[in-house]
Structure formats: C-alpha cells, structure tokens
Amino acid sequence: MIKLLKNPSQIVTVNTNGNNVKRGLEMREISLLEDYSIIVENNLIKDIIKNSAINKTKFDKIIELDNKVVLPGLIDCHTHLVFAGNRANEFKLKLDGASYEEIAANGGGINNTVNAVRNSSFDDLFNIACKRIEYAISRGITSIEIKSGYGLSFYDEIKILQVVKALRNKYIIDIIPTFLGAHTFPPEFKNDRLKYIEIIEKEMLPYVYENSLADFCDVFCEKSAFSAEETNYLLEKASNYGFKIKLHSEQFNNIGGIDLALKYNATSIDHLEMLNLEDINKLVKSDIVSVLLPGVSFFLNYDFANARAIIDNNGIVAISTDFNPGSSNIQDLNLVMSIAALKMRMKVEETISAVTINAAKALAIEKSTGSIELNKKADFAIFDAKEYSEILYNVGHNLNVLTIKNGDVIFNKENL
C-alpha cells in the first residue's frame, strides 16, 4: 500500500545524510522542509516530494496534514515504566527538605517500590504498564526503552522483564528491554553485597540471556548503589554474554563511571548531573551517547546536567523522561523537552535532535528510525502546530494529534 502524508506546514526531517547521529552543534541542523509531502510504502519512507508533484502519483491512502508539523516519531530512551505503587509520601518529605539519598538510607527510595513490585502479580504489572504505554503513544512516542530494576530478586526481575516481553507482543511500537538487576542492593542483602552480586552473575544474567529478555545490561554506579569495582565486575560478566552496555552514573557523585563506560564501549551513559570538565573531554571523544534526564533535576530540585558543555564540545546528547516513581514521576516527554530548553539552555532544534535521532542512537536503533530519511521506518509524530517551536513553547500541553508507526496511525486525537 502506498500512502501520502499530505501537505503539512513543516516536516522536521532531522536528516543526517546517512550518519544516523548528530554530534555537537550538528544537533541544531534539523533540515526543515516546507511545501513537501511524504510517501510511505511497505511501512518505510519511500520519498519526500514537493507538493506540486502530488498529482503525478496515485495513492492508496491520503492522510491530510494541513497546518500540522511532522517530526520523526519521538523516542523515550530511558524509562522504568514497569512498577507498582507510588511514593507520594516521599515527595512530601523532599518538599520538607529530605534528600533523595537520606530517604533511601531510611528505608525509602527504590526499595519502597521494590516491595510494591514484589507484592504485585504479573497481571497487575502488565495492566498498569499498558496504560502507560498508551499514554506514551498519545504523546507521539514510537520507540521506548523499559528497564527492570524494581524486583531485585531473581523471580521479580524476571517477572518485570516478562511483562516487558508481553508489552512488546501487544504493541506495535518498538519497546527496548534493559536488565537493571544492579539498581541497588535489596534489604535482605544490605550486609552481604557479594551474595547479591553472585545472584546477578550466576542466576539473573544467564537466564535473561538464554531467554532473550533484554538487549542491554545497565548498572547504577553510585555511592548509594554499586561501587566502581562492583560495576566493573558486573559489566565484564554482562559483556561476556554479549549484552550491550548502559550505565546510570555521575548522578550524585563522581566515582569513575565515565572510565567504565569507555572501557566497555557503552552505548550510553545516563544522568551525568555531576559530570566534570575532565570527564566531558573524555566522553566527547567517544561515540557514547550522553542521555540527560532533566525531569529528574526538576523533580528533585537538583543540579541539571551540563548539556551546553557536552554539546559545545562536540558530544552526542539525548534526553529522556527517566519516568519512575521516585526521582522523575514525569511521563510526558514533551514536558521534559521544554524543561531541557528552559533549564539546560538547549536550543529548540537541539532538543528535537535529542529525542529523535540521538535517542535512537542511545538504543542502537538509529539505522532504522529516529529521522525522516529514505528507507527508514515510517514513524512520525504529528503536532497541531504551524511551526515546530510551538511544541516546546506550549509547556505542559500535548499538541500531538496523530502518532504513526510503520506507516499506520496508532493514535488519533479525534478518536478520543
């Protein structure tokens, strides 16, 4: 079937000329087209043509996009979407002055959610997660990463990843699973860290690998979680299985995460609020994506990552929601884009590159999606706007009216 996305006000192609990534100031080059339409065939982008040439071709289906802006489908490249319960009480404590680390030390934080997940069935978690996936789709998201990490036992980590597998079977969007058994130490192993590491190494990693439950392995390298030495040990074991590597690091302290990311050729290193200039200089010389999470800094009223230094020194920056119940109870990627622009001094164009092609790079799917280029997946987010800057300017408003995945409309605001 040949489809035409007809006459939008603007097409933000984020064209990379086949490079499939944007470094540094290239992130401002979004290759805007006006007076063009898009031809889709066999779920792929076949052509981008001048509107004057439309009448020369016959189409099986025409999707009218008059006065709307077309972006590549948005990509949320760091989420913890499968969880149960909430931490509203901790939110109150934060407002009263308690830090994230203080709350964790007193039995709250991640372990609070771990208890809720352990007390939830597969069906409970799946039904909760379905609503969140559908919300994401309504925001123009066509690819999303989901981490485990709120089970912290063999049974419960596998339960989360099996929920993610079921979500992949139910929804057409790309759902990328990441194993994060090394999120923190569960209470029962607080005084026997080596035992929990052994469980990750000898029970979790082999099962996840043998059952193809995750593409990536992630570790939280932080004083309150896994030390650099522990992280190094687990990354080596994960690499031996062939998992692609991610890291949570430099969020509250700088304890060597950058060097480990470089050592294991990580696909991305995420957070980076405490990244220093020396490590920036190391990072920007690599192809590792810096996934920045402005929603966390906003939600915790904490330092924002130095996006400008990374971009201005030719690094690769993506941004994501880090949707989770404790440090970023924000699922709206459009809102996070606005926060990135306002608080991290990212240009509108840089922000768009950060949630499209560079977010795709952070998930190793950049060759098939993330930009509007020929023979890539026909993934689009369609916004009710005449000009692309309106998407960020309308803070907290969802202007997405159509989400298209592989050429099919999977969300239409008019149907609500």
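Me: Which residues does threonine 79 touch, and what makes a pair count as a contact?

Reply: Leaving out residues up to four places away in sequence, threonine 79 touches Ile144, Glu145, Ile146, Lys147, Thr321, Asp322 and Phe323, where contact means heavy atoms within 4.5 Å. This is a predicted model, in which local features need pLDDT of at least 70, side-chain atom pairs count only at pLDDT 80 or more, and totals for chains, interfaces and linings use all residues. Residues are numbered from 1 along each chain as its sequence is written, and side-chain values use heavy atoms, with hydrogens and water left out.

Me: Why is threonine 79 called buried?

Reply: Threonine 79 has a relative accessible area of 0%, and buried means under 20%, with exposed over 50% and partly exposed in between (1.4 Å probe, protein chains only), so threonine 79 is called buried.

Me: What is said of phi in asparagine 20 and in asparagine 301?

Reply: Phi of asparagine 20 is near 60°, a positive value in a residue other than glycine, and phi of asparagine 301 is near 55°, also positive in a residue other than glycine.

Me: How do you know what span to expect of helix α5?

Reply: The expected span is 1.5 Å times one less than the number of residues; helix α5 has 17 residues and reaches 24 Å from its first C-alpha to its last, close to the 24 Å expected.

Note on methods:
Helices (H or I, at least four residues) and strands (E, at least two) are DSSP runs, numbered from the N terminus.
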